[in-house]
Amino acid sequence: MEISSMPEVFGNKLRLSVISALVTGEKSFTELKKYTDATSGNLGAQLLKLEEWGYISCKKEFVSKKPQSSYRLTETGISNFKEYVEMLEKVLKSMEA
């Protein structure tokens, strides 16, 4: 991945925060909201985009009779995030030279 071809997904602070949070494992909507300090509407919109782009998957279930959504990174999300981090590392190393 090159900076000039960086996917749109990594150009948004909230989407990048969500992906970073999910690297450590599955999170509920409530956990992501606390982690990102985003409004429910904004977080919901960004989660929908990430799901449409194939970066995350959503599991909906009932917990104590309450609906709960949980999210996790897909293989595509993990792979593209790794490429993004590697690209950032290259940029940082080029600054040292």
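Apart from neighbours within four places in sequence, I19 is in contact (heavy atoms within 4.5 Å) with V9, F10, L50, Y55, L73 and F81. The model is predicted, with local features requiring pLDDT of at least 70 and side-chain atom pairs counted only at pLDDT 80 or more, whereas totals for chains, interfaces and linings use all residues. Residues are numbered from 1 along each chain as its sequence is written, and side-chain values use heavy atoms, leaving out hydrogens and water.

I19 is also among the members of the largest nonpolar core that touch the most other members, together with V18, L32 and I56; this core holds 19 residues. At least two core residues come from each of α1 (13-22), α3 (40-52), β3 (66-73) and α4 (75-96), and α1 gives the largest share, 5 residues. A nonpolar core is a set of buried Ala, Val, Leu, Ile, Met, Phe, Trp, Tyr and Cys residues joined through side-chain atoms within 4.5 Å. Buried denotes under 20% relative accessible area, exposed over 50%, and partly exposed in between (1.4 Å probe, protein chains only). Helices (H or I, at least four residues) and strands (E, at least two) are DSSP runs, numbered from the N terminus.

S69 lies in strand β3 and is buried, at 17% relative accessible area. Residues up to four places away in sequence not counted, S69 touches K27, S28, F29, C58, K59 and K60.

K59 also forms a salt bridge (a side-chain nitrogen of Lys or Arg within 4 Å of a carboxyl oxygen of Asp or Glu) with E26, with the closest N and O atoms 3.5 Å apart. The pair links distant parts of the chain, 33 residues apart: K59 is in strand β2 (residues 56-63), and E26 is in the loop between α1 and β1 (27-28). K59 is partly exposed at 39% relative accessibility, and E26 is partly exposed at 42%. The count by this rule is 1 salt bridge.
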